[in-house]
Every structure is written in C-alpha cells, then in structure tokens.
Amino acid sequence: MPAATLAPDVHVRIADLMALEPAARGLRFSSRQPVNSILAGQHGSRLRGRGLDFEELRRYLPGDDLRQLDWRASQRLGKPYVRTYSEERDRPVLVVVDQRMGMYFGSVRSFKSVVAARVAAMSAWMAFLAGDRVGGLVFSDAGIDSVRPLRSRERIQALFAAIARRSQSMSADQPDVDASERLNEALEGALAHAPHDCLICLISDFAGADDQTLRLLRTVAAHNDVIATLVYDPLALRLPLHGRLVVTQGELQVELAADRQQVRQPLADFFAGRLHDVAQMLRRSRVPLLSIDTADDTVAQLRRELGRQSAMPGAGSRR
C-alpha cells in the first residue's frame, strides 16, 4: 500500500451513511436525463424507469398518443380506442456494493471501500426519496449479506449496518483470500432477488471481472435497469515519479522504487490497462457506467456523472 501524505478515510459508520440523505435530494435515476448525463450517452442504454400498469381502454380523444391505439378493439367497436397506462407507484431497487479486501485501498482522500459505501448510500437515498423500495447485497471476502427491498428507513438503516459492518471488519493485517469469484456470486444473487423490473446499482472496482461477469450483466440487464459505478484510485492512472511504493498482498509485502522507469512503467501499464478493460467490458454489456475516484468529493462527482452539476451552486469541475 503506498504511503500517503494525507490520512485517507478508512472505514464508514452507519451514521455517516444516514447523514447523506440531504445530499441525495434533487438527484434521481430517471429515464429522462439531461443531455450531458452519462445515462443519456451513446454507449449506455437509457433507463426504462418504473414499469407501467394497464389502467383502462377508452375512446380516443384529440391529442392522445396514436401509438396507444388499440387496433383490435377499434376494429371490433367501429371507433378508435386507446389503451392507457399508469406508472407503477414504486419498484424494487437493489444496491449491490463491493466491500472486499481489494477495496481496502486509498492513496489520497478515501479508501475505495469508503467511496463505494458512500455511493451505495446515495443510491439508496435517491431511490427512497423517489418512492421506491430499497434493499441490497453487500459482498466481501467472507460472504454476501442480503437485505430484502422495502420502503422504510429501518430497511435502509439495515442495509447501511451491513455495509458498515463489512467496512469496519477490514484491516491491513488480514490474510490474503482469493475473492475474485465473489463479484459473479453477487451478480447471481442480484438475478435471484431481481428477476425483472428492478433497478440494480452495482458499485465495485470490478476486480475479478471475466467473461462470466459480462454474461451475467447482460442477463440481469435484459429485464432490469442496471447502473454500474466503477470506483478507482487515481494512483492507478498516475503513479508517483519519486519515492517508494509498498505493494502488499495479504502478509506478503514488497517495496518498489517509483523513480525507476523499469519499475514504474510496467506497473502503470498494468493498472491503466485493467481500468480500460473493465470500462470496455461494461460498455459491451450496454450497462451505463459511472466512474468515481477516491481523490475528490464523492457527492460532487456523483452529481457531475448524473449531469446535475448545475444543482451545486459554486461547485467547480476538475475536467
């Protein structure tokens, strides 16, 4: 783990996540996104929004959408009839958040696990404030915690308790465990809990993503809305030019000289290449992708990714 000039945020508490409710007001995952939103982009499919319930068959009125004409009923009754629908009052939202030991890393401001927890909390509050039921899956090296969707603050608190418990259980002296398959297990769990017409917010660094991950994403997204958030540390894109890096894998540690080109360049190529591969995989799945780093304010980045930067008076942009 590299030495940092500032002590990063390492763990989260339930109170930290509950306190994010005001920051989520005015934000929502919607089928109608601003033009500059990632959810309205060319690569990610637009969100469907909530499902529609059939309400009634009635006579056509001037101004009705001609696409809602029921041709069979119109022919049978001899007059134009349209089918009307109402939006479902709520829908299940499943927040799937990564708290594996690979997320227990941060070079500047926050650990990836902390940023993922904050994005998960913001997603949960956004869904709750929109009137939806909220639940989730929290996956770690040790297993997966499941919280069934329900529209209540107590259920949100239960989800945050699971996140905080996994966050606080992580420490640098934990033995190394191969948890690469846990991402796919979490996606299989999401498929079991959300067979159709759900919103699934997947938040991870996507370590261990493979062809099976792509297949599962496509399967889940076939009948649900899926939003993926890639959490990464800027060190993966900009390794330091000087100093020393301490790279650890469980109890094994090695110190590397960052100022040596033959050391720095292969590491830089590896980390940057991995981020590129993950982004390409998510684009191939046709799942909208948000990118959040550990260096800047999580809420500000999420607002920008959702195309709502204007909702933040005086906020700047680092792009």
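Good morning. The model is predicted, so local features need pLDDT of at least 70 and side-chain atom pairs count only at pLDDT 80 or more, while totals for chains, interfaces and linings use all residues. Residues are numbered from 1 along each chain as its sequence is written, and side-chain values use heavy atoms, with hydrogens and water left out.

Let me begin with the chain as a whole. The protein chain contains nine helices and 10 strands; these are DSSP runs, helices being H or I with at least four residues and strands E with at least two, numbered from the N terminus. Of its 319 residues, 49% count as buried. Here buried means under 20% relative accessible area, exposed means over 50%, and partly exposed lies in between, with a 1.4 Å probe and protein chains only.

I turn now to the aromatic rings. A search of the whole structure finds three aromatic pairs. Rings of Phe, Tyr and Trp (its six-membered ring) pair if their centres lie within 6.5 Å; planes under 30 degrees apart count as stacked, over 60 as edge-to-face and the rest as tilted. Tyr104 and Phe111 make an edge-to-face pair, with 4.8 Å between centres and 80° between planes. Tyr104 is buried at 10% relative accessibility, and Phe111 is buried at 4%.

Trp125 and Phe160 are also edge-to-face, at 5.9 Å centre to centre and 70° between the planes. This pair links distant parts of the chain, since Trp125 is in helix α4 (residues 112-129) and Phe160 in helix α5 (residues 153-168), 35 residues apart. Trp125 has a relative accessible area of 0% and is buried; Phe160, at 0%, is buried as well. Ring pairs join Trp125, Phe128 and Phe160 into a cluster. Over the face of Phe128 lies Arg151, 4.6 Å from the ring centre; such a charge must have NZ of Lys or CZ of Arg within 6 Å of the ring centre and within 35 degrees of the ring normal.

Next, consider helix α9. Which residues does helix α9 span, and how many of them are buried? Helix α9 covers residues 298-305, and eight of its eight residues are buried. Those buried residues pack against α2 (21-24), α4 and β10 (289-293), where contact means heavy atoms within 4.5 Å. At the N-terminal end, Asp297 caps α9, with a side-chain oxygen 3.2 Å from the backbone nitrogen of Val299. Just after α9, Gly307 takes a positive phi of about 75°.

Finally, the charged side chains. The search finds 14 salt bridges, each a side-chain nitrogen of Lys or Arg within 4 Å of a carboxyl oxygen of Asp or Glu. One of them joins Glu21 and Arg153, at 2.8 Å from N to O. Glu21 lies in helix α2 and Arg153 in helix α5, so this pair ties together parts 132 residues apart in sequence. Glu21 is buried, at 12%, whereas Arg153 is partly exposed, at 37%.

Another salt bridge is formed by Arg91 and Asp225, whose closest N and O atoms are 3.1 Å apart. Arg91 is in the loop between β2 (81-87) and β3 (92-98), and Asp225 is in strand β7 (residues 225-232), 134 residues apart. Both Arg91 and Asp225 are buried. Thank you for your attention.

How values were computed:
A polar contact is a pair of N or O atoms within 3.5 Å; within protein, one must be able to donate a hydrogen and the other to accept it, and residues adjacent in sequence count only if both atoms are side-chain atoms.
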